[in-house]
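Here are my notes on this model, point by point. Please read them with the structure open.

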Amino acid sequence: MKITSVQATIHRVPFSPLLTKKPHTRNIAFVRVETDQGITGFGLASLNECYALKEFINAELGPSLIGKDPMESERLWHEAFWKFNQRSLSGVVSYGMSGVDIAIWDVKGKYLNQPVWRLLGGYSATVPAYITFGLPEYNVEELVQAAKHFQSEGQDKLKMVVAIDNGRRVAEDAARVKAVREAVGDGVQLMMDANHLFDFNSAYELCRRVEPCNMTWFEEPVHSNDSLHLAALRQRTSIPIAAGQNEGHRFRHRELIVNGAVDYVQPNVCCVGGYTEAIKVAHMASAFNLKVANGGGWPHFNAQLMAAVPNGWRVEFHVPTWYTGMAIYKDPPKPVKGWVTLPERPGLGLEPNEEALKEYLLK
């Protein structure tokens with residue numbers, strides 16, 4: 001089997017989060033890898049620089065793969081890495097490689113008539129799922145309303161964003177966390193995510209204020225995922241630390257692990273280099289007795305990794321990326337009472353909604 005075409009297109013997908021008055025949008029680079037066997041694999045990458053992603057895939061990465069065997073995914077990834085990213089940088093190259101690698105694994109699964117999660121390891125088709133519901137634009141009352149909405153559906157693992165106003169109002173962040181905890185009670189696992197926006201002292205102050213709230217983790221609390229600051233914070237708080245969702249390769253995850261910076265490692269297959277690289281991060285984490293958990297959304301791709309390995313702890317149904325996936329695929333898996341079950345369909349088991357992709361296409 002040979003690759004005959006690699007093509008990325010950009011789409012601006014609208015979605016409507018709970019309680020919002022106007023639709024939001026998310027830009028994606030949708031990737032198709034076609035073969036001479038008539039099998040097409042689909043992947044996805046998303047970055048602010050989506051036009052750069054498209055150009056890199058269509059003009060550089062894609063042409064380098066024409067005529068090669070998609071079943072040799074390890075060799076293709078290795079060659080692309082040394083051709084385009086030998087200095088191990090994150091950004092457009094690693095995200096572009098992610099989208100193409102996901103599509104290649106979709107091809108492999110369809111060719112072998114097996115789901116990707118089984119080819120990667122096949123630990124369990126059903127994995128824990130959590131909902132990232134707490135958007136920064138919500139006020140306290142809306143946060144509580146959104147949390148209780150998902151709790152009423154049986155979702156028992158919820159995450160909210162903190163570091164409002166770029167981390168300058170710690171007391172207000174703490175009040176928002178406490179309000180949600182009081183509203184949902186102790187039966188819900190509650191997580192918070194700062195998206196790198198706190199300096200060390202502010203992150204520590206928030207930890208000190210909300211430690212009584214029994215937080216499951218504090219995700220990416222400090223600027224730049226500084227591994228030394230994360231490690232220092234981890235030593236000073238009882239709240240577990242999670243990080244890594246936007247890191248572009250295993251070497252940055254290694255830095256977080258060996259510096260004792262995290263309790264939960266968060267490779268995202270849409271960012272880290274696809275499944276070929278993400279599975280290495282998962283096994284490396286296992287060697288340090290650490291769990292991997294999805295951060296950064298895109299559950300319909302990351303669930304495959306979580307289902308593959310015994311230390312795959314949970315997949316994130318982040319409202320913006322979750323709803324984007326619901327728009328561009330036909331009936332993808334959904335979280336049910338804190339769990340998601342992956343289909344036995346070959347490859348990713350996802351059928352693109354071609355009408356939606358055409359409607360949302362950006363020229």
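Is Lys157 buried or exposed in this model? The coordinates are predicted, and the points below should be read that way.

1. **Lys157 and its partner.** Lys157 is buried, at a relative accessible area of 4%. Its side chain meets that of Asp156 in a salt bridge, with an N to O distance of 2.8 Å. Asp156 counts as partly exposed, at 28% relative accessibility.

2. **Salt bridges overall.** The whole structure holds 21 salt bridges. The pair Asp156 and Lys157 is one of them.

3. **A bridge inside one helix.** Glu205 and Arg209 form a salt bridge, and their closest N and O atoms are 3.0 Å apart. Both residues lie in helix H7, which covers residues 200–210. They are 4 residues apart, so about one helical turn separates them. Glu205 is partly exposed, at 26% relative accessible area. Arg209 is partly exposed too, at 30%.

4. **A bridge between elements.** Arg234 pairs with Asp263 in a salt bridge, the closest N and O atoms being 3.0 Å apart. Arg234 sits in helix H8 (residues 227–236), while Asp263 sits in the loop between helix H9 (250–258) and S9. The pair therefore ties together parts that are 29 residues apart in sequence. Arg234 counts as partly exposed at 26% relative accessibility. Asp263 also counts as partly exposed, at 21%.

5. **A charged network.** Shared partners join some salt bridges together. Lys68, Glu72, Arg75 and Glu79 form one such network.

6. Which side chain of opposite charge is nearest to Asp173? The answer is Arg176, at 4.7 Å. A salt bridge needs the nitrogen and oxygen within 4 Å, so Asp173 has none, although Asp173 is buried. Asp173 belongs to helix H6, residues 170–184. A polar atom of the Asp173 side chain lies 3.4 Å from the backbone nitrogen of Ile164. Beyond four places in sequence, Asp173 is in contact with Val162, Ala163, Ile164, Phe198 and Leu206. Please look at this site in the display.

7. **Aromatic pairs.** The count of aromatic pairs is 16. Trp105 and Tyr275 make an edge-to-face pair, with centres 6.5 Å apart and planes at 75°. Trp105 is in helix H3 (residues 92–112) and Tyr275 is in helix H10 (residues 275–287). The pair therefore ties together parts that are 170 residues apart in sequence. Trp105 is buried at 10% relative accessibility. Tyr275 is buried at 0%.

8. **A stacked pair.** The ring centres of Tyr264 and Trp313 are 4.4 Å apart and the planes are at 5°, so this pair is stacked. Tyr264 lies in strand S9 (residues 264–265) and Trp313 in strand S11 (residues 312–318). The two residues are 49 residues apart, and the pair links distant parts of the chain. Both Tyr264 and Trp313 are buried.

9. **An aromatic cluster.** Which residues do ring pairs link into a cluster? They are Phe30, Phe42, Phe301 and Tyr329.

10. **Charges over rings.** The charged end of Lys108 sits over the ring of Trp105, 3.8 Å from the ring centre. The charged end of Arg314 sits over the ring of Trp313, 3.7 Å from the ring centre.

11. **A buried glycine.** Gly274 is in the loop between S9 and H10. Gly274 is buried, with a relative accessible area of 0%. Not counting residues up to four places away in sequence, Gly274 touches Ser98, Asp101, Ile102 and Val269. The C-alpha atoms of Gly274 and Gly134 are separated by 27 Å, and these two glycines are 140 residues apart along the chain.

Technical notes
Residues numbered from 1 in each chain as written. Predicted model: local features only at pLDDT ≥ 70, side-chain atom pairs only at ≥ 80, totals over all residues. Heavy atoms only, no water. Phe/Tyr/Trp six-rings, centres within 6.5 Å; stacked < 30°, edge-to-face > 60°. Buried < 20%, exposed > 50% of the residue type's maximum accessible area, 1.4 Å probe, protein only. Lys NZ or Arg CZ within 6 Å of the ring centre and 35° of its normal. Lys, Arg positive; Asp, Glu negative; His and termini not counted. Polar contact = N/O pair within 3.5 Å; in protein donor to acceptor, adjacent residues only side chain to side chain. Contact = heavy atoms within 4.5 Å.
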